[in-house]
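Subject: Structure handover

Hello,

Here is the structure you asked about. Please open it first, then read my notes beside it.

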Amino acid sequence: MCGFVGFIDKNNIETKKIALENMMNRIIHRGPDSAGTYVDEKAALGFRRLSIIDLEHGSQPIYNENKDLVIVFNGEIYNFQEIKEDLVSKGHTFLTHTDTEVIIHGFEEYGKDIVTKLRGMFAFVIWNTKTNVMFGARDMFGIKPFYYSNTEDAFLFGSEIKSFIEHPCFHKEMNKSALKPYLTFQYSALNETFFKGVYKLEPGHCFTYANGKMEIETYHSFQFHREEKSFASYVEEIEKVMRDSVKYHKISDVKVGSFLSGGVDSSYITECLRPDQTFSVGFENKGFSEVGYAEELSEILGIKNVNKTIQPDEFFDEMENIQYYSDEPHANLSAVPLYFLSRLAKEHVTVVLSGEGADELFGGYDSYALSDMEKKYRKLPKGLRHALGNFATHLPKFRGRDFMERNGLNVEDWYIGQAHIFDEKDAVKVLTPNYQKAPSLHEITKPYFDKVKDADELTKKQYLDLHLWQPNDILLKADKMTMAHSLELRVPFLDKKVMELASKIPSEYKLQNGLTKYVLRESAYKVLPEEWAKRPKKGFPVPFSKWILEEKYYKRVKDVFTMDFVSEFFDKERINKLLDDHYHQKTNNGRKVYTIYTFLLWYKVYFIDENKSSLALS
C-alpha cells in the first residue's frame, strides 16, 4: 500500500523538513502516487502512497477530529468496516472511507487494544501532538516491516532501513554480530539488523515512546491448542475460512491478480479469487520452471496467465538492485524470481494475492515430515539414537551425520528452520576474527522453543518458523520484492481467522500418507484437479548452482570474491576455494557460494558504492 518514515529529534523545523523529504525519496518505490508530511518542533512523519482504497481521499498523514493525533500507516485492514460501525455508534465522525482513519479513531476509543481488533497486515505510528507520546505497532505475522533506531540524538522509524541513511543523526555502521548467523540461516536472524543500532519491531508487538524511552510489549503470541474434531469437519472448515479470507483480501479500488505456480497454495488462492489474470515466471533449465502447470490450471479455470522466462544474464544484472531493495543481505534464491515476477505483474495490476504462509500454518515443508527410513530408524531405543546423534555432532561433516542428529537428538538441539547453509564451525573457518563472535544458533532459537516445551515435534517446528523463518525470510522478500515495483502483495493464508483454525488442527491431520499439508490438500482437492492438490512442494527453484559451472557466470562471482574489501570479512583463500571446487565439480557449494555472494554485493552497494557517491556529492 505504501511506506512511511519519521523521527523525533532536536533539530529545528527546517532541518527536519529537509531530512524528512530525503528520507521519503528513498522509499518512493513504495508509494509513487502521492506524498504527505507532518512536522512540528519535536516530530516529523512522512508518507509515500500507493493508492488502493479510497483513491481520492486516502492520502496520509490522517488526523482525528481535533487534530491532536496524527497517523502514518502501511498495510490493509480487512475488517475496518465492522470496526468503523462500532466507532460511529460511539459518536466518532469520519472524513474518509479509509482503513487508516479507522485505526486512529480506534486508538482514541480503545487505546492500545485497537491492535487486537485489527484483521490485516499493518505497521503504523500515531503521534500525540499534545502529550508528545508516540504509539506504534506491527501485525501479528510480520507481513509489513517496521524498523527503528533509538539513540540520544534521534528516534528513527520507518518501513525501510535505507531511509535512515538520509537523517543527519544516523551513523551508518555494520553490525559485526549479524554476519555469522546469516551464513547459516541465509537471512538476518537477529533482532538487531546488519546496520548497527537499527532493530526490527517484532511481529505481534507494539510500543510507546515518551521522553526518549521506548517501551515495547507483546500484544499477540501464537498459541496451538489441539481441538478434537473429525478430519472431514476440518476439511470443510478450511474451505469456508479460506473463501472468507480471500473475500476480505480482494477488497480494492484497483485491479487485483494472483501469483500462480504449480503448487497447491497459490492454486487454491487463485481458485478462490478467480482473478482476470495470473502471473508466473520460470527458467529455461529443465526442472526449474512451473510455468507450464500455471498455464494449464489458468486455462482450466478460464483465466489468462501472463508469464516470463528469466535469463541468467538478467538474473546477474539485477543482483545488486535486489540486495539494495532488501535492505539487508538476503540469500534466499527465490527472492530473485519474485523480483522479476513482481515487475511482470505490475505491468497489469496493482494488487496481487499469493500463497505465502500455508506451509507454516498447515505443515507444508518437507522437513516437517519423516521419511520411511526415518520412521524405521526411530524404532530403535531412544537412548541409543540419542547417543549416536550426540556422537555425530562432534564429528566432521559426513554423509548421514544430519540423519543421525535429526533422529537422535531433541528437535530443539538441531532444528533452526528451512535453511541451513553453513554449519557454525564452517562459518567460523571462513570468517575473519572480528566477525566470528555472535550469538550461537541455540541462543537464537532457544527463547522460542522454551515457549512450546510440551508440544509435539511438528508444532515446535511450526512455532519456530512462524517467529524466525516466516517474518525474516519469506515475508521480508515478499514485501521488499513486490514494493520494489510498487506492487501490493496480500497473503490470505496469513489471516487471523485462518490462524485460529490452523492452530486447532491435530498434527496427524497435517502430515499423513506421506503428504505434507494433508488436510489442506484434501480441502483443495474439492475444488482443484488432483494433480494440483496433491503435487509435492517444489518451492521456487533457481539454477544458480548450474549457471556458475559456466565460465561466464563463474567469473562474475569470482570478480566479487577477489575484491579488496572481501578480506575484511572472509578468508579469501577459503571462500575462493569453495567457488573453485564448485566450478570444477568437486563438490556442490552452490548455496554457500550464493550466500557469501549476496552478502558481498549488499556490502558493496551500501558501504562501498554509496560511500563513494556521498563523497562525490560533498
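Below is what I found, one region at a time. Keep in mind that this is a predicted model.

Start with helix H14, residues 382–393. The helix has 12 residues. From first C-alpha to last, H14 reaches 17 Å. That is close to the 16 Å expected at 1.5 Å a residue.

Which residues of H14 are buried? They are Arg385, Gly389 and Ala392. These three cover an arc of only 60° around the axis, so they sit on the same side of H14. What covers them includes helix H13 (372–377) and helix H15 (401–408).

Now move to H15. This helix is mostly covered, with 6 of its 8 residues buried. The buried ones are Arg401, Phe403, Met404, Glu405, Asn407 and Gly408. What covers the buried residues of H15 includes H13 and H14. Look at H14 and H15 together on screen. H15 is part of what covers the buried residues of H14, and H14 is part of what covers those of H15.

**Asp40**

Next, find Asp40. It is in the loop between strand E2 (34–39) and strand E3 (43–49). Is Asp40 buried or exposed? Its relative accessible area is 14%, which is under the 20% cut-off, so Asp40 counts as buried.

What does Asp40 touch, leaving aside its neighbours within four places in sequence? Asp40 is in contact with Ile13, Lys16, Trp127 and Thr129. With Trp127 there is also a polar contact of 2.9 Å, side chain to side chain. A polar atom of the Asp40 side chain also lies 2.8 Å from the backbone nitrogen of Lys42.

Asp40 and Thr445 are 405 residues apart in sequence. In space they are 42 Å apart, C-alpha to C-alpha.

**Ala455**

Compare that with another pair. Ala455 and Phe224 are 231 residues apart in sequence. Their C-alpha atoms are 8.5 Å apart in space. Ala455 is in the loop between H17 and H18. With a relative accessible area of 25%, Ala455 is partly exposed.

**Empty space**

Rolling a probe the size of a water molecule over the atoms shows where empty space is left. How many cavities of 30 Å³ or more does a search of the whole structure find? The search finds 4.

The largest cavity has a volume of about 100 Å³. It is lined by 13 residues. Closest to its centre are Arg138, Pro145, Tyr147, Pro471 and Leu476. Helix H19 (residues 469–483) gives the largest share of this lining, with 6 residues.

There are open pockets to look at too. The second largest pocket has a volume of about 470 Å³. Its lining has 26 residues. Nearest its centre lie Glu202, Pro203, His205, Tyr448 and His467. Which elements give two or more residues to this lining? They are helix H17 (441–449), helix H18 (457–467) and H19. The largest share, 4 residues, comes from H17.

**Backbone details**

- Pro61 is in the loop between E3 and strand E4 (62–63).
- Lys67: phi is positive, about 60°, although Lys67 is not a glycine. The residue is in the loop between E4 and strand E5 (69–77). At 55% relative accessibility, Lys67 counts as exposed.
- Gln585: phi is near 60°, again a positive value in a residue other than glycine. Gln585 lies in the loop between helix H26 (572–583) and helix H27 (590–617). Its relative accessible area is 61%, so Gln585 is exposed.

Best wishes

Notes: Residues numbered from 1 in each chain as written. Predicted model: local features only at pLDDT ≥ 70, side-chain atom pairs only at ≥ 80, totals over all residues. Heavy atoms only, no water. Expected span 1.5 Å × (residues − 1). Buried < 20%, exposed > 50% of the residue type's maximum accessible area, 1.4 Å probe, protein only. Arc of directions from axis to C-beta. Contact = heavy atoms within 4.5 Å. Polar contact = N/O pair within 3.5 Å; in protein donor to acceptor, adjacent residues only side chain to side chain. 1 Å grid on protein atoms, 1.4 Å probe; cavity = no way out; pocket = protein on both sides within 12 Å on 5 of 7 lines; lining within 4 Å. Points joined across faces, edges and corners; volume = space filled by probe spheres on them.
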